[in-house]
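I opened the model with a few places to look up. My notes follow in the order I took them.

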Amino acid sequence: MTAGVREEPRESVRPRTPRRLPLPTLLALLVGLAAVGYRLALLFADVPPTNSDEATMGLAALHIARGDGFPVWFYGQAYMGTLEAYLAAPLVALAGPSVLVLRLPTLALYALFLLLSWRLTRRLGGDRWYALLVVAVLALGSDRVVKNQLIAGGGYPELNPAGAALALLTVGLCVTGAGARLPRWAAWGLVSGVLLWVDPLILPYVLTLGVLLVAWRWRELAGRAGVVLAGALLLGAAPMLADSIRHGRNPVTAVLAAGGTGTPADWADRLHGGLVLGPPLAMGFCSPGRCATWQLWWAVAFPVLLLLAAFTAWHTLRRAAGGPRSAERVSAGVRLALLGGAAGVLAAYAVSNAAGQTPIESSRYLSCLAVAVPALFWPLWRAARRPAVRVARVAAVAVLAGVLGTGVAATVDVIRAAPAVHAEADRHRSLVDTLGALDVRNVRGGYWTCNRLAYATGENVLCAVVEDDLRPGFDRLPAYRREVAADPDAAWVALAGSPLAARLDERVGTESGALDVVTVAGWRIYLPRR
């Protein structure tokens, strides 16, 4: 019965050796952890500075946490979905309103973006060392970059991880068997639908990746896959669609109007803001709030590299052996789609009024250029790894070194500016404490004061917006104005030295109906004389 069964001697059984991560993978993990840790340290230092727009998203999270409302759009407009508010609402419910709890979900989204970008780079044929380079580039955090990644002001922190996820799903849909693809089709449609609701800035990537899928998988899309994709897309966009049907609003019109209002900008200003200032700011090569002349070299390098990477991907796509599902053709096709999406994002921004009117602040519209980084630097990496062509190798290494060096310099500038930002946040906390001590519940102030105060106090202080000439301003929550108007003891709040403070100083006096003033940490609180 036991014939043929041979017992192995105990000493021949070798213990399993623990599996070790390859060195570049381990380094990528360490760089990623350092990048997340750096941004977490910035959050504890109140960097980047918050504002009333971010506080508006915080108020939406506060209302969701309390069950007081479930907003579809950023308050006061009919575009830009409130996904960030829903992500932050559980934390706000647990810990109360603060900038930190509002930004913890955006920090998690950034960490997810790093992971997805590393994975995407590997799936597109990049070796582990190239994936490390991609993570290192995305780890750097200049002023504009950390604002895009961490401020929960609507639309930006979630775009990049969603774009990387769409690219990864596209790779999977192009290489796997038909029977395993229905969940991926559903995920692709769901992510795309959510993006259309949250912020259509990433639409060029959705279109280019979608065209690739139609070209290679049109037979599947004509069947069950198309039904699954359409259903998931409608589900993701359901908040937008339901609101549009309910109120008869067209969110596309609202988005187009947000591209810059008022007098049309000159074309020279648009092209300068979009093509000269835009790429260096968006990719993290500029100092806080400005671009030095030496930091603008990327404005020349970016379009050249974009064209070079697109040509390389197209050449590979045309020459690669095998059918449409070959790994080489799929990676080349997805790289080409990512580069096309980046070109579309840049072109749409460069022709907008925003690029000419407010180029420094509006460069946030280019934040999703980072999605294309795994494809953008691929030709440089290949050239740097080929010792036979010395000139090309030296040029590629120089550009990559310039990318990392300029990004490091801009990151250091953020760290240097952090104490000043932290001090401003401390002054605002002193204002909040003083209002509480004075038992002030309703105030009037500027746009960039009002909702920040309301969120910081958990709506214990309500604020109605006024212009510098004391006329009513733009209230994103009209109910605040009604509350303030009904309070005869409503105060005024203004930054010391501001035009609003100068106007209110004219009303300070001892006569009946005049204002008393309390100064605290650079703020002036004007109380009606009783």
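Strand pairing comes first: I count two strands as paired if DSSP finds at least two bridges between them. Helices (H or I, at least four residues) and strands (E, at least two) are DSSP runs, numbered from the N terminus. The model is predicted; local features need pLDDT of at least 70, side-chain atom pairs count only at pLDDT 80 or more, and totals for chains, interfaces and linings use all residues. Residues are numbered from 1 along each chain as its sequence is written, and side-chain values use heavy atoms, with hydrogens and water left out.

**Sheet**

I looked up Trp492 and found it opposite Tyr526 in β5. Strands β3 (residues 491-495) and β5 (residues 523-528) pair antiparallel over 4 bridges. They belong to an open sheet of 5 strands, ordered β2-β1-β3-β5-β4, with mixed pairing. I noted β2 (462-465) and β4 (515-520) as the edge strands, each pairing on one side only.

Next I checked the helices on the sheet. Helix α21 (residues 447-456) lies across β1 (442-445), β2, β3 and β5, at about 165 degrees to β2. Helix α22 (residues 478-485) touches β1 and β2, and its direction makes about 100 degrees with that of β2. Here axes are lines fitted to C-alpha atoms, for helices over the stretch in contact, and angles run from 0 to 180 degrees between N-to-C directions. Contact means heavy atoms within 4.5 Å.

**Arg103**

Is Arg103 buried or exposed? I find it buried, with a relative accessible area of 1%. Buried means under 20% relative accessible area, exposed over 50%, partly exposed in between (1.4 Å probe, protein chains only). Arg103 sits in helix α4 (residues 99-123). A polar atom of its side chain lies 2.7 Å from the backbone oxygen of Pro48. Leaving aside neighbours within four places in sequence, its contacts include Asp46, Glu54 and Ile151.

**Cores**

I then turned to nonpolar cores: sets of buried Ala, Val, Leu, Ile, Met, Phe, Trp, Tyr and Cys residues joined through side-chain atoms within 4.5 Å. The largest has 80 residues, and Trp188, Trp298 and Leu376 are among those with the most contacts inside it. Helix α7 (residues 159-175) gives the most to this core, with 11 residues. A second, separate core of 22 residues includes Leu62, Ala88, Leu462 and Tyr480. Not counting residues up to four places away in sequence, Leu376 touches several residues, including Met283, Trp298 and Phe302.

Methods:
Polar contact = N/O pair within 3.5 Å; in protein donor to acceptor, adjacent residues only side chain to side chain.
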